[in-house]
Amino acid sequence: MPNLWIIFLTGLTVGGLTCLAVQGGLLASIIAAKKDKQSKHDSGTVYPTLAFLLAKLVAYTVLGFLLGAFGGAIGINETAQITIQFIAGLYMIVIALNLLDVHPLLRYAVIQPPQFLTRSIKRQSRSRDMFAPALLGAMTVFIPCGTTLAMEALAISSASPLLGAAIMAVFVLGTTPLFFGIGWLTSLLGDTYRSKFLKIAALAVIYLGVTSMNGALVAAGSPIALRPKTTEKLYNEAPVSQTVEIRVTASGYSPNYVRVKKGSLVTVKLVGQNAYSCASAFRAPTLGINKNLQPNESYTFTFTPKETGKIPFACSMGMYGGVIEVI
Amino acid sequence: MSTIVKTKIKIIGMHCTACAMNIDFELEDLDGVLSVRTDYAKQETEIEFDTKKVTREKLINVMEKTGYDVLD
């Protein structure tokens with residue numbers, strides 16, 4: 001599972017602030033338009049704010065689902081999956097560095113929404129229609145800020161509709177609290193807090209970016225990657241057997257270190273046990289194994305090791321992994 | 001003589017594309033402004049306006065009120 005808490009934190013800090021810059025204004029203007037109309041029975045600001053945020057959450061969740069599915073469709077080809085994950089990680093880092101205002105050139109990485117979209121959203125914000133706040137909330141998917149783009153990249157690289165949906169939903173939930181205190185909160189916090197918030201968010205996004213890039217390197221079997229933690233001490237105690245059963249759960253592989261002998265056939269059985277995470281996407285690049293298990297599916301493959309050494313395996317995002325040691 | 005002019009103004013303090021949108025929205029609402037295109041990456045805005053109805057000073061004033069500094 002990608003670090004949903006980190007994503008939430010990103011939403012809470014920068015997402016909240018940068019999204020608020022324009023969306024808060026739009027929301028305020030639609031609330032004003034409604035008040036104008038219903039001077040007798042004022043529905044207040046709660047209904048439009050809730051409708052706006054709820055529709056926004058739904059829209060982004062659907063978007064995350066689609067982005068994840070898109071990533072998954074490309075990810076059928078392992079090289080493409082790794083490439084996308086690497087590029088997504090790189091993009092996140094660029095966005096984060098731009099938040100820190102490292103170099104003016106980085107600004108070009110942030111895609112500015114075309115004017116016909118921003119115009120139609122502006123028109124919507126002047127509408128007095130009953131459903132206008134909800135529609136406006138849903139339309140904000142078309143005006144993503146830089147951080148939102150970074151999250152969208154992450155959703156694509158997750159290569160899973162459900163994970164993609166979760167990533168976007170958690171991010172948008174993170175941005176939500178700030179919308180309830182638009183006026184007073186931003187003025188209360190002031191510029192100093194604003195820049196602190198941006199720094200926290202930038203670090204969070206850099207973390208996500210590095211994790212994603214490293215995951216790509218692990219999945220590609222690169223020697224320069226930071227491997228997922230394995231228990232070094234147990235290496236020599238791992239039993240030696242030509243028949244290996246590895247349980248695949250939501251939190252990774254167990255055992256994640258096995259030993260086999262050179263020269264004779266090895267049978268590896270992967271047993272999925274509620275593997276509702278990227279662990280279900282098993283990759284062993286050096287063996288050419290690339291299998292997406294269903295959460296409770298089992299899969300068996302065989303190979304005959306010809307040389308001694310370590311054969312790394314990992315999930316498609318490189319978050320969980322292990323080693324088959326040939327002795 | 002035409003009173004429609006185009007001008008480019010450098011802006012300081014745009015944090016993201018949302019800020020560019022904000023500036024567009026604010027300026028478009030002014031009487032006499034025909035078109036606005038604020039570019040986040042270039043940190044500048046291009047405005048087409050009628051000098052009979054609105055002045056460059058007024059445009060800058062609105063941007064500063066929205067919370068951005070202008071390099072003029």
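Modeller: Here is a short walk through chain B, with one stop in chain A.
Modeller: This is a predicted model, where local features need pLDDT of at least 70, side-chain atom pairs count only at pLDDT 80 or more, and totals for chains, interfaces and linings use all residues. Residues are numbered from 1 along each chain as its sequence is written, chains are lettered from A and ligands numbered from 1 in the order in which they are written, and side-chain values use heavy atoms, with hydrogens and water left out.

Colleague: How many helices and strands does chain B have?
Modeller: Chain B has 2 helices and 4 strands. Helices (H or I, at least four residues) and strands (E, at least two) are DSSP runs, numbered from the N terminus. Along the sequence the pattern is β-α-β-β-α-β.

Colleague: Which residues of α2 in chain B are buried?
Modeller: In α2 (residues 56-66), B:Leu59, B:Ile60, B:Val62 and B:Met63 are buried. Buried means under 20% relative accessible area, exposed over 50%, partly exposed in between (1.4 Å probe, protein chains only).

Colleague: Why are they on the same side of α2(B)?
Modeller: Because they cover an arc of only 155 degrees around the axis. That arc is taken from the directions from the helix axis to the C-beta atoms.

Colleague: What sits on the face turned away?
Modeller: The exposed residues B:Glu57 and B:Lys65.

Colleague: Now chain A. Where is A:Thr249?
Modeller: A:Thr249 is in strand β1 (residues 243-249) of chain A. It counts as buried because its relative accessibility is 18%. Leaving aside neighbours within four places in sequence, its contacts (heavy atoms within 4.5 Å) include A:Gln273 and A:Ala275.
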